[in-house]
Structure formats: C-alpha cells, structure tokens
Amino acid sequence: MLKIVDLKTEYRKNPYGIDNLSPRFSWKIVSDSRGVVQMSYRITVWDIRSGIQLWDSQTVYSRESQRIRYEGESLRSSQQVDWQVEAECIDENGHREKALSAVAEFTMGLLEKSDWKCYWIEPEKEINPKEYKPAPYLRKEFHVKEGLRSAVIY
C-alpha cells in the first residue's frame, strides 16, 4: 500500500506566517513494497476561505519530492491555503500505484508594511535588562466580540 506522508511547506508542517511568495513543498513516500520510486506528482493548491483553486501543477514526471516551488496565483497577506499531492510510483517488480495525500495547509504572514496596524506592547515601567534574561515577559489584556472563531497575533 502506497502512502504520501509528512507534507511540509517551507520545511514545516502546517506553518503560520510564511513570507515566501513561492513557498516550497515536500513530502515522503511510504510503501509496504520494495524498491518503490516516485515517477510523477501533481500538486493542487486552493484558498481555504473561498475554495478557489490557486494552482494545479498538472502531472510532473519527476522523482523529486523536496523543495518543489509554488508557481500559482500571487499569494496575499494572511491568506489561508490548503494543498494536496498525488503521486504515481513504481516498485522493483514494475507494479505502478497512485496515492493521494491528506490535505496540508499553511497561512501567509503579513507581507506589506501597510498590513501592520497595531500598537506596540511595551513594559509598563522602566526595566533593568540584566534582570530579564533572555527578555522581559510582556502581556496585554484585550477583549473580543462574541462569536469570534479564530484570531492570529503577529
């Protein structure tokens, strides 16, 4: 049985805050057969919120499964993206098999200077840096409106 596992974007599983406009994808092939080699792959990428497809690599005949660059529509600040890979492999006996991975995701960071709309969180009083190693602990209380389903702090 052929499986595609360990999907990563920019070397991390389901990362937040990607700042690379052409992120790199990677995956691993696992099989109970011997001598399995990937012959081709196809990556599909879509926007989580709208469901719109951003990129379809089409079938690429390659054994590569590391550092495959995204070549789709331009990605936006805070965009949430899903992706999936299908691969066809061949074993040492010539048996071909296809597999479809689970869905992986990543979220883009804030890409433009104008995206940063905030107030700095600073210490309430003057601090002695020698007392706070490696850094002072900062926190800020805030209230959210009822019904909030998710939030990201940058």
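Tyr-154 is partly exposed, because its relative accessible area is 43% and the partly exposed class lies between buried, under 20%, and exposed, over 50% (1.4 Å probe, protein chains only). Tyr-154 sits in the segment after strand 9. Strands here are DSSP runs of E, at least two residues, numbered from the N terminus.

Before I go on, the ground rules. This is a predicted model, where local features need pLDDT of at least 70, side-chain atom pairs count only at pLDDT 80 or more, and totals for chains, interfaces and linings use all residues. Residues are numbered from 1 along each chain as its sequence is written, and side-chain values use heavy atoms, with hydrogens and water left out.

Back to Tyr-154. Together with Tyr-16, Trp-116 and Val-152, Tyr-154 makes a nonpolar surface patch of about 440 Å². Patch residues have over 30% relative accessible area and no salt bridge, and nonpolar side chains (Val, Leu, Ile, Met, Phe, Trp, Tyr) are joined within 5 Å. The areas are Shrake-Rupley values with a 1.4 Å probe; for residues, only the protein chains shown count as cover.

Next, Cys-118. Cys-118 is also placed in the segment after strand 9 (104-108). With 48% relative accessibility, Cys-118 counts as partly exposed. Now take Asp-91. Cys-118 and Asp-91 are 27 residues apart in sequence, and their C-alpha atoms are 55 Å apart in space.

On a 1 Å grid over the protein atoms alone, a cavity is a set of points where a 1.4 Å probe fits but cannot get out; a pocket is an open set with protein on both sides within 12 Å along at least five of seven lines. Lining residues have an atom within 4 Å of a point. Points are joined across faces, edges and corners, and a volume is the space filled by probe spheres set on them.

How many cavities of 30 Å³ or more are there? The count is 1. The largest cavity holds about 50 Å³. Its lining is Leu-2, Ser-31, Ser-33, Val-36, Cys-89, Ile-90, Asp-91, His-95 and Glu-97. By class, that is 4 nonpolar, 3 polar and 2 charged residues.

The largest pocket holds about 970 Å³. Its lining has 25 residues, and the closest to the pocket centre are Tyr-119, Trp-120, Ile-121, Arg-139 and Lys-140. The classes are 17 nonpolar, no polar and 8 charged.

Now salt bridges: a side-chain nitrogen of Lys or Arg within 4 Å of a carboxyl oxygen of Asp or Glu. The model has 8. Asp-6, Lys-8, Lys-13 and Lys-28 are linked in a network of them. Lys-8 to Asp-6 is 3.9 Å between the closest N and O atoms. Lys-13 to Asp-6 is 3.2 Å. Lys-28 to Asp-6 is 3.1 Å, N to O. That last pair links distant parts of the chain, Lys-28 in strand 3 (residues 24-31) and Asp-6 in strand 1 (residues 2-9), 22 residues apart. Lys-13 counts as exposed at 56%. Lys-8, at 25%, is partly exposed, and so is Lys-28, at 46%.

Last, backbone. Most residues other than glycine have a negative phi. Which way does Gln-58 go, positive or negative? Positive: its phi is near 60°. Arg-67 has a positive phi too, near 55°. Gln-58 is in the loop between strand 5 (53-56) and strand 6 (68-69), and Arg-67 is in the loop between strand 5 and strand 6. Gln-58 is partly exposed at 46%; Arg-67 is exposed at 52%.

Technical notes:
Nonpolar A, V, L, I, M, F, W, Y, C, P; charged D, E, K, R; others polar. Helix = DSSP H or I, 4+ residues; strand = E, 2+ residues; numbered from the N terminus. Patch = residues over 30% accessible without salt bridge, like charges linked within 9 Å, V, L, I, M, F, W, Y side chains within 5 Å.
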